[in-house]
Amino acid sequence: MAHFTKPSEGSWTEHFGLDTGPVNYEDSISPEHFELERDAIFRKTWLNVGRMEQLPRTGAYFTRELHAARTSVIIVRDADGAARAFHNVCRHRGNKLVWDDFPREETSGTCRQFTCKYHGWRYGLDGELTFVQQEGEFFDLDKEAYGLAPVRCEVWEGFIFVNLDDDAASLEDSLGEMGADLAGYPFGEMTQVTKYRAEVGANWKLFIDAFTEFYHAPVLHAKQATAEESRKLAGVGYEALAYEVKGDHAMVSSWGGMSPPKDLAMVKPIERVTRSGLFGPWDGPDLGELPPGVNPSDHPKWGVDSFLLFPNFMLLIWKPGWYLTYHYWPTSYNTHIFEGNLYFVPPKTARERVAQELAAVTFKEYALQDGNTLEATQTMLESQAVTAFPLNDQEVLLRHLHTVCRRHIAEYLDGQPETAVRISAAS
Ligand code: FES
Ligand SMILES: [Fe+2]
């Protein structure tokens, strides 16, 4: 039975209780608004920083620069096999504890303990301060009181999340029904990973906007199909199979049909030869029954589901048995770092490997097309020559995202002393 279908009357937008008027995008062009997002969103919500496969053994670690949350964190696998997170700062005089050649760049490795480059203090994998250089020179130093500052760290389906807010609900409660309905998908089997990372000159929400609607796909990405096919697609336009909103999280379910295509003439020669393309390798693994959150409308033409786990983590589950993640890490009101990772079951033959490579390079081409448009959009939004933009029903998830962000800021300001609110309102 279908888990969710389009409401019989009205629009998705009204169905989810969202306003249907034009939007102004002030939240994407304001440095002051971005400062509020850092405190109200990125320092209060669960942020996905990686996967357990990145910590294959005791002492394996990686760092993440969380500019938006105003810190850098170390994620490490402790002696019990659990992931732990700490602020990446030495308790002696505040040096960044783990970095290689460039202090602002992320790093990874394996160690028995962390040693500060400045005066040699050492910390165990559990964060405990284990060694102080010339300890006798200090004044009643209680080493137990100077362990690394911990950051909340929880794992869902192999995805490692951190949260800087000690009062936030658990990760499981925060992911709610959307997380529960995806549990059981074989994420852990897809360990063949291709990673892309790019600095994009646009507000972080604008890129999420571009990836939560497919209204643009037949137009912006027209050249990906053969000429005749793209003319047909543009004529038909785009309509999703289903949308879902669960609390702060949301998803769109979309048709597929290109993996394999109905008709080989629809795709380019390289795709015919490699049996692959944007939708993934045509001969993907059989994953058996999928969890109820995938293809929620049980549509026979289903091809991909795109989940936005608020605030900045997207998960795309493709019918041919692979998945993609997107992360958007803001670095200022009009710049962010985008990460796109493709995850496949490790190939068993050279042919399978080539098919995965073609999916990966095709993805890159699409993402570049999207990224270019974003920078063009950001510059003109900032001109404020136009300030009211109509959104259609296929753009419902953009409206939801911006609404949820504004709600988090309003709740945050509600909890602040009045003077702080006045200052931020005036700025
Ligand atoms: S700042 Fe780390 S040992 Fe001094
Ligand atoms: Fe796109």
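Strand S1 (residues 47-51) and strand S10 (residues 159-163) run antiparallel and are joined by four bridges. In this pairing, leucine 47 lies opposite valine 162 of S10. Strand S1 is mostly covered, since five of its five residues are buried. The model described here is a predicted one.

**Strand S2 and its partners**

Strand S2 (residues 60-66) has six buried residues out of seven, so it is largely enclosed by the rest of the structure. It pairs with strand S5 (residues 108-110) in the antiparallel sense over three bridges, and it is joined to strand S3 (residues 71-77), also antiparallel, by six bridges. Tyrosine 61 takes part in both pairings: it stands opposite glycine 109 in S5, and its bridge partner in S3 is valine 76. The hairpin of S2 and S3 has four residues between the strands, and arginine 70 takes a positive phi near 60 degrees there.

Strands of a sheet pair through backbone hydrogen bonds, either parallel or antiparallel. An open sheet of seven strands, with antiparallel pairing, has the order S11-S17-S16-S15-S14-S13-S12. Which strands stand at the edges? They are strand S11 (192-200) and strand S12 (242-246); each has a single partner strand, so one side of each is left without a neighbour in the sheet. On average, neighbouring strands of this sheet are turned by 15 degrees against each other, direction ignored.

Within the sheet, strand S15 (residues 313-318) and strand S16 (residues 322-332) pair in the antiparallel sense over six bridges. Phenylalanine 313 has histidine 327 in S16 as its bridge partner. Helix H8 (residues 350-383) packs on the sheet and touches S11, S16 and strand S17 (335-344). The direction of helix H8 makes about 15 degrees with that of S11.

For comparison, the ideal angle for four tetrahedral donors is 109.5 degrees. Histidine 216 is buried, at 15% relative accessible area, and histidine 221 is buried as well, at 6%.

**Aromatic pairs**

The structure holds 31 aromatic pairs. Two of them are set out below.

| Pair | Centre to centre | Angle between planes | Kind |
|---|---|---|---|
| Tryptophan 121 and phenylalanine 138 | 5.6 Å | 70 degrees | edge-to-face |
| Phenylalanine 207 and phenylalanine 211 | 4.8 Å | 20 degrees | stacked |

Tryptophan 121 lies in the loop between strands S6 (114-115) and S7 (122-123), and phenylalanine 138 in the loop between strands S8 (129-131) and S9 (150-156), so their pair ties together parts that are 17 residues apart in sequence. Tryptophan 121 is buried at 3% relative accessible area, whereas phenylalanine 138 is partly exposed at 29%.

Phenylalanine 207 and phenylalanine 211 are separated by about one helical turn because they are four residues apart in helix H4 (residues 204-212). Phenylalanine 207 is buried at 2% relative accessible area, and phenylalanine 211 is buried at 9%.

Ring pairs also link Trp156, Phe159, Phe161, Tyr185, Phe187, Phe313, Tyr323 and Tyr343 into a cluster.

**A buried loop residue**

Aspartate 27 is found in the loop between helix H1 (12-15) and helix H2 (31-42). Is this aspartate 27 buried or exposed? Its relative accessibility is 6%, under the 20% limit, so aspartate 27 counts as buried. Apart from its neighbours within four places in sequence, aspartate 27 is in contact with His33, Glu37, Asn203, Lys205, His402 and Arg406.

Technical notes:
Residues numbered from 1 in each chain as written. Chains lettered and ligands numbered in written order. Predicted model: local features only at pLDDT ≥ 70, side-chain atom pairs only at ≥ 80, totals over all residues. Heavy atoms only, no water. Helix = DSSP H or I, 4+ residues; strand = E, 2+ residues; numbered from the N terminus. Buried < 20%, exposed > 50% of the residue type's maximum accessible area, 1.4 Å probe, protein only. Contact = heavy atoms within 4.5 Å. Pairing = 2+ DSSP bridges. Axes fitted to C-alpha atoms, helices over the stretch in contact; angles between N-to-C directions. Phe/Tyr/Trp six-rings, centres within 6.5 Å; stacked < 30°, edge-to-face > 60°.
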